[in-house]
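Welcome, and please open your viewer before reading on. We will go from stop to stop, selecting residues and looking at what surrounds them.

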Amino acid sequence: MSTFGSFTTVRLGIYAAQKGLDVTGNNITNINTPGYTRQRLNQVSLISSVNDRYSSSYSTRIGQGAVVNNVTQLRDPGLDISYRKATSDVGASNAKLDGLNSLATILDEVGKGSLDQDDGVILSQLNDLRDLISQAITNGTDTYDTLIRSSAQSLVTLFNSYADKLSELEGTYEKKLDQQMEEVNNILTKIRDLNVSIRDSDIRGDAGLELRDERNRLLDELSQYVKIDVTYSMEDVGADTMVEKLTVTLATGDKNPLVDGEYSTQFSLDPQTNNYSMVLGPLTNDRGQKLSEDDNGSTLGDNDLYGSLQSIRELLTEEGEFSSQGDVDIDPNAATKRGIPYYRQALDSLAREFATEMNKLNDTKLDGAGNLFSTGSDTDDADGITAANISVSKSWADGTVTIQATNRADAPSGDTSNLTKFLDLFSKKVDFDPSHIDPDAVGDSYNGTFEEMFLKIQSTLAQDQKSTDSLLNNYTITAGDIYVDREGVTGVDLNDEATNLMTYQKAYTAACRLMTVLEEALDSLINGMVV
């Protein structure tokens, strides 16, 4: 190396140290930037690869300094995969628990009763109706028919109110499903656009690290809604240039592609069905051009999604014991998954069996006999009673029908044998068969009293809440642990950066000192030869 070549070596050292200080400073200033990935300066030793033609075998080859190769990010792909799988679990459980908690605000009877007897409004009303029938047995029906009818009216109003609230909740989650699909679609579009920007940066020779940070942040966010697989590959863009290509697919079901380089899909609901079936549109770029002309989109199956998007969908679709054989064939776990439809139909089952048993006892063929409950206040028809439409029948409301104290035409005056059957009905075991609500339902029937059936609905909901809450806690802890591990790699550590600051500062100072030494040596060489 020539004397003046040493100045080039020093200059490269000063430049490398300065760049190291710049990268360190950038890391420190972005310590609180969401999604920022710690950056690292990569440098290599510069050495001539070809001998000079006049070089001597006694010449010693020395490196010509340090060259800054590039700036890269510190990321662990394995931790990214693990973290995104964990956030999918958290997203799915969190959305499900939110829905179950919303159901509990409607169906949980705790704290809804009177101060004297805090059994909840429906159970209290059932007890009130039973007590009035008991009093009628003791005192006669002349004055109690009106009171019993009034209590029955209050009970059916409660059924109607609960059904209305469940319908409102269903509407709320329909909107939430639409909102989440829109959020997912926006994320997919942004990832596609970032892929284009990163591709252009790679072609220009720019690493686009900040663009990659934003893309990684969006991938983390997307993983809460759907479970994804992310792959990176190299794409030939011509002129012997290879650039990175990112592909995102669903990690479940048929592994449908969501993003393919500069193309992405969009979620929507299938307009041909009423079961909230989801459709993936064709992969298109920002100009609306398809990746493949044969791509017309695809309909997702019941098990092709996982994450908060699927949990909300299942809250709107899952019927538990009221599932049909077709549902079970598609999803073997369908009979154990319960959403709003299950709790609505369970409430329908309670209302229908109650009305059926009461109407059956009042069918005595005597004057004043007839249905006590019907599908509306303007009819006596009891076919198809649900919690939403159960009502005191028109004839009972106008006094044409009365609650029958006896079922015998020759019964002595004051006979209340039939009223006793009405009273026994409240402690009688009844089969609550799902097929009575939906003929296609394949779930097992439940045998219990009216009160036990309502308590079963509540206990089932409580069990679902408890199990989902336990899962959420476990998933949250796991995701938190993985996040800490990942931050240990990708996050900025002030201790490490402080060490880097001192290292690069000393390297910079040493290179400057070497420059001074070389200058003094040349000065001695040149000025020392002057006579």
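The tour below visits helices, sheets, loops and aromatic rings in turn. Keep in mind throughout that this is a predicted model.

**Stop 1: a helix and its neighbours**

Start by selecting residues 121-139, which make up helix α3. This helix has 19 residues and reaches 26 Å from its first C-alpha to its last, close to the 27 Å expected at 1.5 Å a residue. Now colour its buried residues: I122, L123, S124, Q125, L126, N127, L129, L132, I133 and A136. Which helices do these buried residues pack against? Show α4 (144-204), α8 (340-361), α10 (417-425) and α11, and you have the partners of the buried residues of α3.

**Stop 2: helix α8**

One of those partners, α8, deserves a stop of its own. Helix α8 has 22 residues and reaches 32 Å from its first C-alpha to its last, close to the 32 Å expected at 1.5 Å a residue. How many of the residues of α8 are buried? The count is 19 of the 22, so α8 is largely enclosed by the rest of the structure.

Move on past α8 to K365, in the loop between α8 and β10 (373-374). K365 has a positive phi of about 70 degrees, although it is not a glycine. Most residues other than glycine have a negative phi. Is K365 buried or exposed? K365 counts as exposed because its relative accessibility is 71%, and the cut-off for exposed is over 50%.

**Stop 3: a sheet of four strands**

Next, select the open sheet whose four strands come in the order β3-β4-β5-β6, with antiparallel pairing. At its edges stand β3 and β6 (263-264), each with a single partner strand, so one side of each is left without a neighbour in the sheet.

Zoom in on strand β3 (residues 228-236) and strand β4 (residues 242-250), which run antiparallel and are joined by nine bridges. You can pick out D236, whose bridge partner in β4 is M242, and V230, which stands opposite V248 in β4. The hairpin of β3 and β4 has five residues between the strands, and there G238 takes a positive phi near 95 degrees.

**Stop 4: a sheet of three strands**

A second open sheet has three strands in the order β7-β8-β9, again with antiparallel pairing. Its edge strands are β7 (267-269) and β9 (298-299), each of which pairs on one side only. Strand β8 (residues 278-280) is joined to β9 by two bridges; to see one of the pairings, select L280 and its bridge partner in β9, S298.

Then look at Y276, in the loop between β7 and β8. Y276 is a residue other than glycine with a positive phi, near 60 degrees. At 14% relative accessibility, Y276 counts as buried.

**Stop 5**

Select R212, in helix α5 (residues 209-225). R212 counts as buried because its relative accessibility is 14%, and the cut-off for buried is under 20%. What does the side chain of R212 make a polar contact with? Its partner is the side chain of D202, at 2.8 Å. Not counting residues up to four places away in sequence, R212 touches Q73, I198, D202, A207 and E244.

Now go to Q310 in helix α6 (residues 308-317). Q310 is buried, with a relative accessible area of 4%. The side chain of Q310 reaches the backbone oxygen of D302 at 2.8 Å. Leaving aside neighbours within four places in sequence, Q310 is in contact with D302 and L305.

**Stop 6: aromatic rings**

For the last stop, select F354, F373, W396, F426, F432, Y446 and F450 together: they form one aromatic cluster. The count of aromatic pairs comes to nine. One of them is F432 with F450, an edge-to-face pair at 6.4 Å centre to centre with 75 degrees between the planes. This pair links distant parts of the chain, with F432 in strand β12 (residues 430-432) and F450 in helix α11 (residues 450-490), 18 residues apart. Both F432 and F450 are buried.

Finish with two charges over rings. K456 lies over the face of Y446, at 5.5 Å from the ring centre. R338 lies over the face of Y342, at 5.8 Å from the ring centre.

Methods
Residues are numbered from 1 along each chain as its sequence is written. This is a predicted model: local features need pLDDT of at least 70, side-chain atom pairs count only at pLDDT 80 or more; totals for chains, interfaces and linings use all residues. Side-chain values use heavy atoms; hydrogens and water are left out. Rings of Phe, Tyr and Trp (its six-membered ring) pair if their centres lie within 6.5 Å; planes under 30 degrees apart count as stacked, over 60 as edge-to-face and the rest as tilted. Buried means under 20% relative accessible area, exposed over 50%, partly exposed in between (1.4 Å probe, protein chains only). A charge sits over a ring if NZ of Lys or CZ of Arg is within 6 Å of the ring centre and within 35 degrees of the ring normal. A polar contact is a pair of N or O atoms within 3.5 Å; within protein, one must be able to donate a hydrogen and the other to accept it, and residues adjacent in sequence count only if both atoms are side-chain atoms. Contact means heavy atoms within 4.5 Å. The expected span of a helix is 1.5 Å times one less than its number of residues. Two strands pair if DSSP finds at least two bridges between them.
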